[in-house]
Amino acid sequence: MTDFIPTEHPHRRLNPLTGEWVLVSPHRTKRPWLGQTEAPPPDTRPAFDPHCYLCPGNKRAGGAQNPAYSGTFVFNNDFASLLPDTPLKPPAPPARDATGLLQTQPETGLCRVLCFSPRHNLTLPEMDLPDIRRVVDTWAEQYLELGARPDVGYVQIFENKGAVMGCSNPHPHGQIWANRTLPNEPAKEDRAQAAYFAAHGRSLPADYLKLELGLRERLVVENDHFVVLVPYWAVWPFETMLISRRHRQSIDQFSGPERDALADIIKQLTARYDNLFNVSFPYSMGFHQKPTAGGEHPHWHFHAHYYPPLLRSATVKKFMVGYEMLGEPQRDITAEQAAQRLRDAPAVHYKLRR
Ligand code: H2U
Ligand code: ZN
């Protein structure tokens, strides 16, 4: 019997932010890299689409008309999942339920849509840095404005990109949902960061970042204020985490140079994603930051998660099915291999070359 070798033998890795494990099967990637890059698809999208509900001046599905905006544009989602005026009085239980197995919690909140640019045919990596910086400033404004409401305890900023992620419209946009309670994912991270901070007096993501900056095996891109890496416990093939070098709880706390650096690293990361297979790389991403109610939350450390579904080419998607649904997530290509591919991808977006 030979010794266990992590680069060859199946093993599990722990995500310390959620307490969940992922099964890694590196022996399945012994075969050579089958990654394919396709010829870039012809880009036929116009800068303005008269039928797009996000383009400036157009009518939305609900009947409202967009202004002739020239930078970012935020509006309340016409089909919001959360409503500010839901009655908070709990509904009567379905029966006199002594088990407590049936629990209902009324929820209130707001959902907003944020257009990144008036240009229908741009994506973040194709936008100029000052324009991405305006998106960063809008995220910070929205986080502050929504977080200041007495009925909001948590603000989730996110982006669905690409049809495979359920994004309904190619016009560059993201969403913001703000609600009273702490949703599952940030709640897990809240508990883990609080426990680590109480035990060590330091932030969990800060210590993790320090470790990765020393090992340099899973780094993707870095600048003066932010680092992107493939986390040791990544589940999705090219999952990454963006972490601020300074221990800050939320996006509004970043200085001007830090906001510029956030715009820069988002552009660098998303350009590399697109260059991996020469396609506009689909993903869901979002920021995790401190809850906006209940004090200062010093254990929180600002970061973003990117969850892209593509595996080997523009058309081969990883499905979370079978074992993933019933057992636990599993991956073949290791986090280290994925980081290497992303590091090796060209830095300049394929559409912007030449
Ligand atoms: P995606 O990021 O998943 O594509 O969602 C876009 C959102 O835009 C979606 O939540 C909203 C949808 O409800 N929307 C409007 O608010 N107004 C419209 O006219 C169409 C879409
Ligand atoms: Zn548009």
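Val 24 has its place in strand β2, where strands (E, at least two residues) and helices (H or I, at least four) are DSSP runs numbered from the N terminus. With a relative accessible area of 1%, Val 24 is buried, a term that stands for under 20% relative accessible area, while exposed stands for over 50% and partly exposed for values in between (1.4 Å probe, protein chains only). The C-alpha atoms of Val 24 and Ala 194, which are 170 residues apart along the chain, are separated by 28 Å.

The model is a predicted one, in which local features need pLDDT of at least 70 and side-chain atom pairs count only at pLDDT 80 or more, whereas totals for chains, interfaces and linings use all residues. Residues are numbered from 1 along each chain as its sequence is written, chains are lettered from A and ligands numbered from 1 in the order in which they are written, and side-chain values use heavy atoms, with hydrogens and water left out.

In secondary structure, the protein comes to six helices and 12 strands. Its radius of gyration is 21 Å, close to the 20 Å that the globule rule gives for 354 residues, so the protein is as compact as a globular protein of that length; the radius is taken over C-alpha atoms, and the rule is 2.2 Å times the number of residues to the power 0.38. Taken along the principal axes, the box that the C-alpha atoms fill is roughly 65 × 60 × 40 Å. Of the 354 residues, 49% count as buried.

The largest nonpolar core holds 53 residues, of which Trp 139, Phe 238, Leu 242, Ile 251, Leu 262 and Tyr 306 touch the most other members; such a core is a set of buried Ala, Val, Leu, Ile, Met, Phe, Trp, Tyr and Cys residues joined through side-chain atoms within 4.5 Å. Helix α4 (residues 256-277) contributes the largest share of this core, nine residues. Another core, of 14 residues, lies apart from it, and Val 22, Leu 219, Leu 229 and Trp 236 are among its members.

Around ligand 1 there are 14 residues, the closest being Ala 61, Asn 77, Asp 78, Ser 168 and His 173; a residue is counted here if one of its heavy atoms lies within 4 Å of the ligand. By class, this shell has six nonpolar, six polar and two charged residues, where Ala, Val, Leu, Ile, Met, Phe, Trp, Tyr, Cys and Pro count as nonpolar, Asp, Glu, Lys and Arg as charged, and the others, Gly among them, as polar. Polar contacts are pairs of N or O atoms within 3.5 Å; within protein, one atom must be able to donate a hydrogen and the other to accept it, and residues adjacent in sequence count only if both atoms are side-chain atoms. An oxygen atom of ligand 1 lies 2.6 Å from a polar backbone atom of Ala 61. In the side chain of His 173, an N or O atom is 2.8 Å from an oxygen atom of the ligand, and for the side chain of Gln 175 the corresponding distance is 3.0 Å. Of the 480 Å² of accessible area that ligand 1 has on its own, the protein covers 88%, the areas coming from the Shrake-Rupley method with a 1.4 Å probe.

Several loop residues complete the description. The loop between β2 (20-24) and β3 (73-76) contains Asn 66, which counts as buried at 3% relative accessibility and whose side chain reaches the backbone oxygen of Tyr 53 at 2.8 Å. Pro 56 has its place in the loop between β2 and β3 and counts as buried at 17% relative accessibility.

Asn 278, in the loop between α4 and β10 (283-288), has a positive phi of about 55° although it is not a glycine, and its relative accessible area of 15% makes it buried. In the loop between β10 and β11 (303-307) lies His 297, a residue other than glycine whose phi is likewise positive, near 50°; at 12% relative accessibility, His 297 counts as buried.

Within helix α4 is Tyr 273, which is buried with a relative accessible area of 0%. Gln 253, by contrast, lies in the loop between β9 (240-244) and α4 and is partly exposed, with a relative accessible area of 27%.
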